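Please open the model in your viewer and keep the sequence panel beside it. The stops below say what to select next and what is to be found there.

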Amino acid sequence: MRRVLASERDQSAGAKPGHRRGKSAGALPPVYRRRHYLTVVAFLVVIALIGAGNTENMYQISVFNNALTISVATVGLYFAYQLGGMFAFSQAAFMGIGAYTSAILSPDYGFVFSAGVALIVAAVLSYGLAFLLRNAKHMYFAIGAMAFAEIVVLVLRNWEVTAGPTGGGNLYGIAPPSVAGYEFPLPGDIFWFLLAVLGVVLLLSVLLERSPLRRHSLAVKAIPQVTESNGIDPRRSAMTLFTYGSTLGALAGVLQAHSLGTIAPESFEVGVSINLFLMLLLGGAGSLWGGVAGAFFLTWLPEFLRPVKEYETVVYSLLLLAVIVLFPNGIVGAISWLAEKARGWTGRKGKAANHA
Amino acid sequence: MLEAKDIRVKFGGNTAVDGVTLSLDEGQVVGIVGPNGSGKTSFLNAICGIVPATGSLTLRGRQVPLGRPLKVRAAGLSRTFQTPQVFEDLTCVENVMLSDERFRRTGFLGATLARRAMLRDEHERTERALRALATVGLAALRDQLAEGLAYGQARYLEIARALAGRPAVIALDEPSAGLNAEETKRLADLLRSVSEEGVSLLIVDHKIEYLSRICDRIDVLELGRLIASGPPERVFKDPAVIEAYLGT
Amino acid sequence: MSNFVALLFSGLTLGAIYTLVSLGIVILYKATGIVNAAQFGLVGLGAYIAFWASTDAGMPLLVSYLLSIVVMALVGVGLERLTYAPLRTRPVDSVFLSTLAGGFAFVGLIVLWYDAEPRSLRSLFGLDTVTILGAPVPKHSLFVIVVCAIAVAALSWAFNRTDMGRQVRALAFDRDAARLQGIAVNRLSIITFALASAMAGLAGILLGPVAALTPEMGLSPMLFAFGAAIIGGFGRFGGVVAGAVLLGLAEQFGGGYISTNWREIFPFAVMLLIIAFRPEGLFGGEASARL
């Protein structure tokens, strides 16, 4: 793995003139020169440091855990919506699919196996949904996704397998995660586990950004007919991204189930998907960091709103409206806009592509 | 190289293309002209698979189904559009890399498990893209976002993109639209040199001067039918052709 | 047999309610080009206003209903003034997302006003039933069906036979051309917003006695309303009504003969299949291409 990373860096900078014929021939597009890996590591280190100082505080660390879990879901939404161009109002439903599958299987089969099955189930279902709706235009896809989401919640509420008839779909006593003998019994321990998982997710997502998939998805989102004339199937590209994004959503659900210990169908309703959209748009839909930023921001916001909890829904919806109308680039967009300005002042030229 | 037989296109009640047959040899440059409404662009759209049509299409000796842009592209026909359709969020080199003819390992697996091979492919793609950009004279703008390009530059970028896939045939829809006389001359020289490398060109356009200069043959359409076909000097003096143009 | 009849009428009742919501969406779309996904919030708001008027303010039931409809019409006017200008230039997807968020804002307001506890709204006819072919059919159901039929007929007449209807149709076709012809574009926008909003409110009032009163009560009905609109090709009224009735019947018959807890699965499944395989609708509407 390290060899791949090193050779990637060298190749992108064209730093081995003797190795390849020609000086800058062979230098890759700008996206390969961005310091993605560094950013991921920096982020993980920062969160680790903050978290390490708080592991004793059960309450604070639980909030952190929530933020980490939801970040996985919003990163998934970034891939499904921003790159794939699909209104994934089904994201919360896939979280539910992941959560319940893992919760039901883990007492008998252990965490790792159950989580794996949950992800496979979600991948298959999301691919199927994307395939079923492959010809649906955006708004129609949105409605189809919502219909699917409602069906999923109905199943969770009423199926015997999810303790529907007996417990209304509420499941309790879900064991905390355990991997290869390592146990994570307390929220403080779970924190490290979640951080590691988020790290892997971010790494995987960065690998996708640094690949042809990125420019294919941007092109497909912009002018799908022209991409067809250039040999790229827009629907396949969108379906892959939707499947990946929804599977991440399922992973978030698995993490949620095992870190909270209980799950209920209400947590996976359509309204939750709208919240995820809000987080992504608020944080800045143009980059996968937007999802993370939005998730962290909106996981802390209820803490501040705690005294006026009733206002939560109103504030959220108005915030979403404001973001859509006024700040289409969100927090991350604002930051990168500032960074561009700063770069302009220091005289550095170059208008390289602005996606993190 | 390319053989289109009896292409018909209907929109609602209108017959835009009424049984047009034409063919292209390797390295040949054919211009399609005709007054407005003659069906030139519809014909182009038909063989590129963008509009539903009947008839038959053969590329590089193999039958290609109509109405399937992906298959047409895979068979070796690429095209440019009336207004340059470049992807503004991508850099110039990325725009061109998009149109490579090999799409191995451009998906999820390529980015993750097959990463070493994917990066090697990306290198080769970049090199090919840079060569195409150099051919059209845009090599210096390789890392600039396409949204900052001037109209003429976007036009050349589109041509570079069409070239990158090493097509057998490039279909160009009014490539000189929006260009002045000097720019049109440069465009014509570029197209001529591209054809000398073995790529056949099918050019739909109005400007007779440059077409006369670079085309081996001119086909004239009127009301969806082919009314004249031959070397430029002869065709443009054909009374039927002159009447078609004057009649509009 | 009596079971069948009972289910038939329940299905028609729901179909009628979905029709009202759906026609509101379709009319608004045709007149202004805006797809209003906030309807579900308006459905709830209408129901809660009637609840407040009849329970907390002690007004007679019919007066409460009428008051709610009037208030909802005014809310519609307010919505038009606030949201129409910024939204009309945006692409459909952005509008859909924005109005969806707006709908949740209304839900939030209801939660602020009351709370999320379920309540119930009385019907004008209480729990009285009438026996049809051996089945007890609530008078409320018949009331709903009649009201809806009248509404559909009135709207149909208004659209096809009156000057205003002609103007709205011209508006839907080409707004700027309509303005040049001297059609009062702004006034018509306000009227259609008010109408759509009032219809949503009416749907909520009629739905109240049938389902429980919760802030999010309008979400499923609105989804079904979109389904009905899609089945009807986002165009002809007849298609939309047929679609709404189809979904309502699917829900009730599925629920009655298979399982009542799972009843909503049937219309949702129908919707998924239609979107997947016949997004242009079952009745060949003309507007689906624009979306």
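**A tour by selection**

Begin by selecting B:Arg60, which is found in the loop between β4 (54-59) and β5 (62-64) of chain B; strands are DSSP runs of E of at least two residues, helices are runs of H or I of at least four residues, and both are numbered from the N terminus. B:Arg60 has a positive phi of about 50 degrees, although it is not a glycine. Most residues other than glycine have a negative phi. With 13 other C-beta atoms within 10 Å, B:Arg60 is partly exposed; a residue is buried if 20 or more other C-beta atoms, placed from the backbone, lie within 10 Å of its own, exposed if 12 or fewer, and partly exposed in between.

Before moving on, note that this is a predicted model, in which local features need pLDDT of at least 70 and side-chain atom pairs count only at pLDDT 80 or more, while totals for chains, interfaces and linings use all residues. Residues are numbered from 1 along each chain as its sequence is written, and chains are lettered from A and ligands numbered from 1 in the order in which they are written.

Next select B:Asp6, which lies in strand β1 (residues 2-11) of chain B. B:Asp6 has a positive phi of about 55 degrees although it is not a glycine, and with 13 C-beta neighbours inside 10 Å it counts as partly exposed.

**Chain B as a whole**

Now colour chain B by secondary structure, which shows 10 helices and 10 strands. Along its principal axes the C-alpha trace of chain B spans about 60 × 40 × 30 Å. For 248 residues a compact globule would have a radius of gyration near 18 Å, and the 19 Å of chain B agrees with this; the radius is taken over C-alpha atoms, and the globule rule is 2.2 Å times the number of residues to the power 0.38. Of the 248 residues of chain B, 49% count as buried.

**Where chain B meets chain A**

Show chains A and B together: of the two pairs of chains that touch, this pair has the most contacts, two residues being in contact if their C-beta atoms, placed from the backbone, lie within 7 Å. The contact takes 39 residues from chain B and 35 residues from chain A. On the side of chain B that touches chain A, α2 (69-75), α3 (92-97), α4 (108-111) and α5 (115-136) each supply at least two residues, and the largest share, nine residues, comes from α5(B). By class, this side of chain B has 17 nonpolar, 12 polar and 10 charged residues; Ala, Val, Leu, Ile, Met, Phe, Trp, Tyr, Cys and Pro count as nonpolar, Asp, Glu, Lys and Arg as charged, and the others, Gly among them, as polar.

**Two crossing helices in chain A**

Select α9 (residues 212-222) and α11 (residues 234-260) of chain A, whose axes come within 10 Å and cross at roughly 115 degrees; axes are lines fitted to C-alpha atoms, for helices over the stretch in contact, and angles run from 0 to 180 degrees between N-to-C directions. The contact is made by A:His216, A:Ser217 and A:Val220 of α9(A) and by A:Pro234, A:Ser237, A:Ala238 and A:Leu241 of α11(A). Four of these residues are nonpolar, three are polar and none is charged.

Nine of the 11 residues of α9(A) are buried, so this helix is largely enclosed by the rest of the structure; A:Arg215 and A:Lys221 are among the buried residues. In α11(A), 24 of the 27 residues are buried, so it too is largely enclosed by the rest of the structure. Just after α11(A), A:Gly261 takes a positive phi of about 90 degrees.

**Across to chain C**

Finally, show chain C, which has 11 helices and two strands. Buried residues make up 52% of its 291 residues. The contact with chain A takes 35 residues from chain C and 31 residues from chain A. The largest share of the side of chain C that touches chain A, 16 residues, comes from α4(C), and by class this side has 27 nonpolar, six polar and two charged residues. With chains B and C displayed together, no contact joins them, and their closest C-alpha atoms lie 14 Å apart.
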